[in-house]
Each structure stands twice: as C-alpha cells, then as structure tokens.
Amino acid sequence: MLSIQKRNMDPGIVVLEITGMIVLGRACQDVEWEVEELVRANQKKVILDLSRVKHLDSTGIGIIVMSFGKLKKAGGELRVAGAQGVIEDIFRITNVDRVINLYATPEAAAQTSWRVA
C-alpha cells in the first residue's frame, strides 16, 4: 500500500511524504497524479520525502524521473529527500542521482537555492 501526505514548507515548497512501496500498479500512479496536480496549481518547488519508502522498482524510478521532467518543463524543480539504504542504492545504480539531487532530509533539500523559472 502507498500513502502520500502533502505538507507545505516555507517559502512556497511542497513536500510529498510517501509511505510504503513505489512499485508497478495503480498506487504508483498516485505519485504521478499528485505531481501533475501541483504543476497545474503552478507549484514550482517540490520535495519527495522517501524516508518511509520500503521498496522502489523500475516503475517507481520511472515515475519519479517523469515527474522531475514535468516539473522542469513547467519551470520548477523536484528534489528527493530521505532516500536511504536500498532505496538510495537504486538511485545511484541507475544514475538517477546524477539528474535528481538527493538530500538527507526535506529541510536540507529546502535550504539550497532552487532553479525555478
């Protein structure tokens, strides 16, 4: 099961706290839909908090990369926080960490300057 909680951080940053597994299936699409909803709302700064994610497969990586692209195209930026253990390893093995910045915590992700239009 996948759960997504949305919370706001200043200034103008939305954190999606994801709990569970980001894997092939309908629940995985919820991540994509949440990001699309934020893009439609003209939200430019989004952090995915993966500290409570237990499993991530290739579909999950694909959804995160696609969400990154959608935000970038809309003039925003997506960051990943809290990836640890196997989840962090997956980002590094797939070289996704070279495209999407990884941070230890949402607070650390929020503190560095954003590349938004």
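**Ground rules.** I note that this is a predicted model, in which local features need pLDDT of at least 70 and side-chain atom pairs count only at pLDDT 80 or more, while totals for chains, interfaces and linings use all residues. Residues are numbered from 1 along each chain as its sequence is written, and side-chain values use heavy atoms, with hydrogens and water left out.

**Whole chain.** I looked up the overall dimensions and found that the C-alpha trace spans about 30 × 25 × 25 Å along its principal axes. The radius of gyration, taken over C-alpha atoms, is compared with a globule rule of 2.2 Å times the number of residues to the power 0.38; the chain has 13 Å, which agrees with the value near 13 Å for a compact globule of 117 residues. Of the 117 residues, 44% are buried, where buried means under 20% relative accessible area, exposed over 50%, and partly exposed in between, with a 1.4 Å probe and protein chains only. Contact means heavy atoms within 4.5 Å, and among contacts with a separation of 6 or more, 70% come from residues 24 or more positions apart.

**Elements and sheet.** I took helices (H or I, at least four residues) and strands (E, at least two) as DSSP runs numbered from the N terminus. The chain holds 4 helices and 5 strands, and from the N terminus on they run β-β-α-β-α-β-α-β-α. The sheet is open, has 5 strands in the order β1-β2-β3-β4-β5, and shows mixed pairing; its edge strands are β1 (2-9) and β5 (102-103), each pairing on one side only. Two strands count as paired if DSSP finds at least two bridges between them. Strand β4 (residues 77-81) and β5 run parallel and are joined by 2 bridges, and I found V80 opposite L102 in β5.

As background, most residues other than glycine have a negative phi, and most peptide bonds are trans. I looked up the exceptions and found that the peptide bond from D10 to P11 is cis, with omega near -10°, and that P11 lies in the loop between β1 and β2 (13-22). N42, in the loop between α1 (26-40) and β3 (45-56), has a positive phi near 60°, and N42 counts as exposed because its relative accessibility is 53%. N95, placed in the loop between α3 (86-93) and β5, also has a positive phi, near 65°, but N95 counts as partly exposed at 35% relative accessibility.

G62 is found in helix α2 (residues 58-73) and counts as partly exposed because its relative accessibility is 33%. I also looked up the separation of G62 and L48, which are 14 residues apart in sequence and 14 Å apart in space, C-alpha to C-alpha.
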